[in-house]
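Here's a quick briefing for anyone opening this structure for the first time. Take a look at it, then read on.

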Amino acid sequence: MTKQKTLTVESLTDDNAVRLACTGNTEAFSYLYEQNVKRIYNYIYYRIGSGADAEDLTARVFHRAFAHINKYVEKGVPFTAWLYRIAHNLTANWYRDNNRRREVSLDDHFDLPHHGELPERTMEQNQEKELLLKAIRRLPADRQELILLKFLEDLSNGQIAVIMGRTEGAIKSLYHRSLISLREELKQISGIDNTSNY
Amino acid sequence: MEHGMEQPGVHSLWGLEERLSSLLEPVTPDPEFVESLKMKLSHTPAVLIETGRRKLGLLVVGIGLFAGALTLWLLRRRSD
């Protein structure tokens, strides 16, 4: 590794890492990978609900990004937004290839993480979360994506608009409709579960 | 199921937002997976392996043109 290259890698930022990665600099791509791998994994995990498949798809996202990084520059959107687009497309392909129904069976469940809390509380929270995730996964793909970007990534409507390729106004409107749909799905699932919490 | 979802406000959109905020927390991917993928990426040559879709596309177009030309030729021949 040359002195110049070392200095470049040490001074990596989000902006220059992308430029360097486009020139085939693997250290720059590694930097971008480290900055984004958790959020992409999270996005995919919550979309499909399986840790093993989320790992597989996350790997595919970064392999594809690495192979097509020159195409990213042409589009001129933030790198993270571009990764989300790839993740979105691969998730859609995954559903298509696995011939999955959008509507999720109530027998499906997520491997939810534990946080060292009391078992009763953890179980309660996991049940609650599982119900919520089932309802989210019953929504159309764009609404799922919006909700996950909003609440997992804490992104603004403007940032989500860039990622989803829509206007900020359209995102605001879609967000409101998504919440209403989610509330309806929750009510429906609760009915199936013989609960009346909704 | 008598748990947190019956907390006040779930019926309202604001309450739903609150529950989403508190329940949708990021998960941490397996560090071994993260590290192994990083290693794979850093040892992958930046060469795009195409799956031959372009060639397949050209072949389909070529066959289509040939079939069209053949049909036209046959029709003209028949009308003569």
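This is a predicted model: local features need pLDDT of at least 70, side-chain atom pairs count only at pLDDT 80 or more; totals for chains, interfaces and linings use all residues.

Residues are numbered from 1 along each chain as its sequence is written, chains are lettered from A and ligands numbered from 1 in the order in which they are written, and side-chain values use heavy atoms, with hydrogens and water left out.

**E145(A)**
- You'll find E145(A) in helix α8 of chain A, residues 141-151; helices are DSSP runs of H or I, at least four residues long, numbered from the N terminus.
- E145(A) is buried, at 1% relative accessible area, where buried means under 20% (1.4 Å probe, protein chains only).
- Its side chain makes a polar contact with the side chain of H88(A), at 3.1 Å.
- For that term, a pair of N or O atoms must lie within 3.5 Å; within protein, one must be able to donate a hydrogen and the other to accept it, and residues adjacent in sequence count only if both atoms are side-chain atoms.

**Helix α2 of chain A**
- Helix α2 spans residues 14-22, and its buried residues include V18(A) and L20(A).
- After α2(A) comes G24(A), with a positive phi near 95°.

**Chain B**
- Chain B has three helices and zero strands (strands are DSSP runs of E, at least two residues).
- Of its 80 residues, 21% are buried.

Methods. Buried means under 20% relative accessible area, exposed over 50%, partly exposed in between (1.4 Å probe, protein chains only).
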